Amino acid sequence: LYEELRNDHIEEESPNVFYGTLSAEEDLQDPQGVTKVLSRSKPNSYKKHLLESEFVVLDLHTSDLEEVASNLSLISGTESEKTLVVISNVCVWGDTPPKLLEISEDEPSYNFDLEVSRREVTVTVAEQEIEELDKDQFDQDEELQEPQEPQERQEPQESQEPQEPQEPQEPQEPQEPQEPQEEKPQQQEVHFEEASKVTVHQEKLRVKIAPFEDSDYKLRKAYPKYEGWKTIENQLLKIQNEKLKCYVVCAGLLYGNGEHLLFEHLRNAWLGQPLSYLPPGDNLVPTIHVQDLAKIVKFTLENHPPTPYILAIDSTPDKKQKSLVEAISSEMGSATVQELNFQEAAFKDWAEFLSLNLWMVPSNIQTEFHCIEGIPQCMGKVEQEFNLYRGLGKYKVFITGPPAVGKSYFGRQVA
């Protein structure tokens, strides 16, 4: 993000000034380009720089949620113009049900690349007769029918109506001691009989699964683990006003620049080992390169897009989880993949991300991207970055010796 926002090579006299904080996992050494690292142990200095900054970026991946909520409350009271961006991720959408759109019978069939994009759903539709019935009439009918309910259980005849004057003379049946216990089922039976008058029919609706857009952010349902992230997003969207421009940049699965979540997959591919995926592997995983995420944040800060919620994901044609894993294995490793059972997946950091199943379209961001085509098409760049950041390279090994000392054997072992 610093590399995207720096302008010291253009504005030598008045370059941008960067303030930041370090997470607990980072080294104590100041990152390159940062003018000053703010210490949380000095709250007055921290708040001063926070309020004086024109652009504020809060990353939920490395921040304490209580601290972020406190910062938002502090910034909401300022009267100066600011642009505030919170970087979240798509796990905030993890439990969102598919977005269904009804298709009319006249509408032609759709030929989508995804098999789940069009379905036939049977929906039970009840007519509104039950709403037109007066609830008071239900109560009156129940009171009149109470002495007859034992007979109704034995002879469910609809001809027994409360108009007969002789009905109250029939409490002479002491043979059934269950009468006081049947008062509760009485209401259920009468209610059921009255409700059964509603004509119920079935209607088939043609629907298709549509992708989520940035305007659908109010539909999102988070994983339980990410409910706090969603709360921060909602808090941010509520404090925006004419002077305070607030944006949520919701990032897909991050990859690139040495890897973090996909480190195990690229490491195993580099070692020639099979790569694991969660069966069946046809779930859709939104992804974004870290450099492209930085470009989207920069575009948001400088251009103020009309929508406050931005989906920062790439345009991978095939977003299936298994396809992504196969692309990594084919480019870097042995081109072999294997299923991982869910017991073992519980101990993998990447499992919750690769188990996502979200069909999303990226927000309209006009900038020059680094890997907008996604992992399968940009795997060459991803491999070069992984080798560079991890200090990996190709080695030439020379093995020599007299005959029959095992050169071929040890050569195969080293390879």
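Leaving aside neighbours within four places in sequence, which residues is Leu84 in contact with? The partners are Val56, Leu58, Leu72, Ile75, Leu236, Ile239, Leu244, Lys245, Cys246 and Tyr247. Contact here means heavy atoms within 4.5 Å.

The model is predicted; local features need pLDDT of at least 70, side-chain atom pairs count only at pLDDT 80 or more, and totals for chains, interfaces and linings use all residues. Residues are numbered from 1 along each chain as its sequence is written, and side-chain values use heavy atoms, with hydrogens and water left out.

Leu84 belongs to the largest nonpolar core, which has 61 residues. Leu84, Trp93 and Tyr309 have the most contacts inside this core. A nonpolar core is a set of buried Ala, Val, Leu, Ile, Met, Phe, Trp, Tyr and Cys residues joined through side-chain atoms within 4.5 Å. Buried means under 20% relative accessible area, exposed over 50%, and partly exposed in between (1.4 Å probe, protein chains only).

The structure holds seven aromatic pairs. Rings of Phe, Tyr and Trp (its six-membered ring) pair if their centres lie within 6.5 Å; planes under 30 degrees apart count as stacked, over 60 as edge-to-face and the rest as tilted. Tyr217 and Tyr309 are stacked, at 5.3 Å centre to centre and 0° between the planes. This pair links distant parts of the chain, 92 residues apart. Tyr217 lies in the loop between strand 7 (200–210) and helix 8 (227–238), and Tyr309 in strand 12 (residues 309–312). Helices (H or I, at least four residues) and strands (E, at least two) are DSSP runs, numbered from the N terminus. Both Tyr217 and Tyr309 are buried. Together with Trp93 and Phe212, they form one aromatic cluster.

Nine salt bridges are found in a search of the whole structure. A salt bridge is a side-chain nitrogen of Lys or Arg within 4 Å of a carboxyl oxygen of Asp or Glu. One of them joins Lys225 to Glu352, with the closest N and O atoms 3.4 Å apart. The two residues are 127 residues apart: Lys225 is in the loop between strand 7 and helix 8, and Glu352 in helix 13 (residues 351–354). Lys225 is exposed, at 60% relative accessibility. Glu352 is partly exposed, at 22%. Another salt bridge pairs Glu52 with Lys48, the closest N and O atoms being 3.1 Å apart. These residues are separated by about one helical turn because they are four residues apart in helix 2 (residues 43–52).
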